[in-house]
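Please find below a colleague's note on the structure shown here. It is written as numbered points that may be read alongside the sequence and the 3D view.

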Amino acid sequence: MNEPSTIPGEGFHPHLHDSPDRSAAPLHTRLHHIRADALDGDTAQTGGMRRFAAVSGKTVGSKKLWMGQTHVAPSTASSDHHHGASETAIHVVSGHPEFVFVDGSGKEPEEIRLRTSPGDYVFVPPYVPHREENPDPSEEAVVVIARSTQEAVVVNLPRLYALPADKGEVATQPQD
């Protein structure tokens, strides 16, 4: 049986071939191909970190998902922050970024540093304060991020802190 020959990424795309007798497919009835050179850099930015949206409400009309890349410059750290109610999944593409949070499950809160390598994944639950770092003095780190909200949510914090052991749906920063 002879299958039609296709080039990866160049398959049937009815929205690319509009004609007077056929209109474009509605936004949520077709697949969307976002090429690497078409990522949207119009996102929240942090010094030393460049974020690019691939899948978002703005780029493809996503309702529940945001996905993109973050490039972390050498010797750079983000501010302490959380991502609100969003679950966040991180896939390390290159470099050796580190993810820092405070674990409050022991007698004393303890700062934990996750040292990662290409191919590793990190899951960040909602409202968990953390920080991303790239300690390498010469190599950029690149990660792919997926969030359970349609846009990137970053809530900057004055410091890291441990979540209460009985954390509910919403955690707030303890007052000094």
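Predicted model: local features only at pLDDT ≥ 70, side-chain atom pairs only at ≥ 80, totals over all residues.

1. Pairing of β6 and β7. Strand β6 covers residues 98-103 and strand β7 covers residues 110-115; the two run antiparallel and are joined by six bridges.

2. Pairing of β6 and β9. Strand β6 also pairs with β9, again in the antiparallel sense, over three bridges. Strand β6 therefore has both β7 and β9 as partners, since two strands pair if at least two bridges are found between them.

3. E133 in strand β9. Residue E133 lies in β9, which spans residues 131-134. Is E133 buried or exposed? Its relative accessibility is 13%, and because buried means under 20%, E133 counts as buried.

4. Surroundings of E133. When neighbours within four places in sequence are set aside, E133 is in contact with T76, A77, P97, E98, V100 and R113.

5. The largest nonpolar core. This core has 13 residues, and those with the most contacts inside it are I90, F99, V122, V124, V143 and I145. Strands β5 (88-94), β8 (121-124) and β10 (141-147) each supply at least two residues of the core.

6. Contacts of I90. Apart from residues up to four places away in sequence, I90 touches F99, D120, Y121, V122, V124, V143, V144 and I145. Among them, F99, V122, V124, V143 and I145 are listed with I90 as having the most contacts inside the core.

7. T88 in strand β5. Residue T88 is found in β5. With a relative accessibility of 1%, T88 counts as buried, because this value is under 20%. A polar contact of 3.5 Å joins its side chain to that of R147.

8. Surroundings of T88. With neighbours within four places in sequence left aside, T88 is in contact with H83, V122, F123, V124, I145, A146 and R147. This list includes V122, V124 and I145, which are named among the core residues with the most contacts inside the core.

Notes. Residues numbered from 1 in each chain as written. Heavy atoms only, no water. Helix = DSSP H or I, 4+ residues; strand = E, 2+ residues; numbered from the N terminus. Buried < 20%, exposed > 50% of the residue type's maximum accessible area, 1.4 Å probe, protein only. Contact = heavy atoms within 4.5 Å. Core = buried A, V, L, I, M, F, W, Y, C linked by side-chain atoms within 4.5 Å. Polar contact = N/O pair within 3.5 Å; in protein donor to acceptor, adjacent residues only side chain to side chain.
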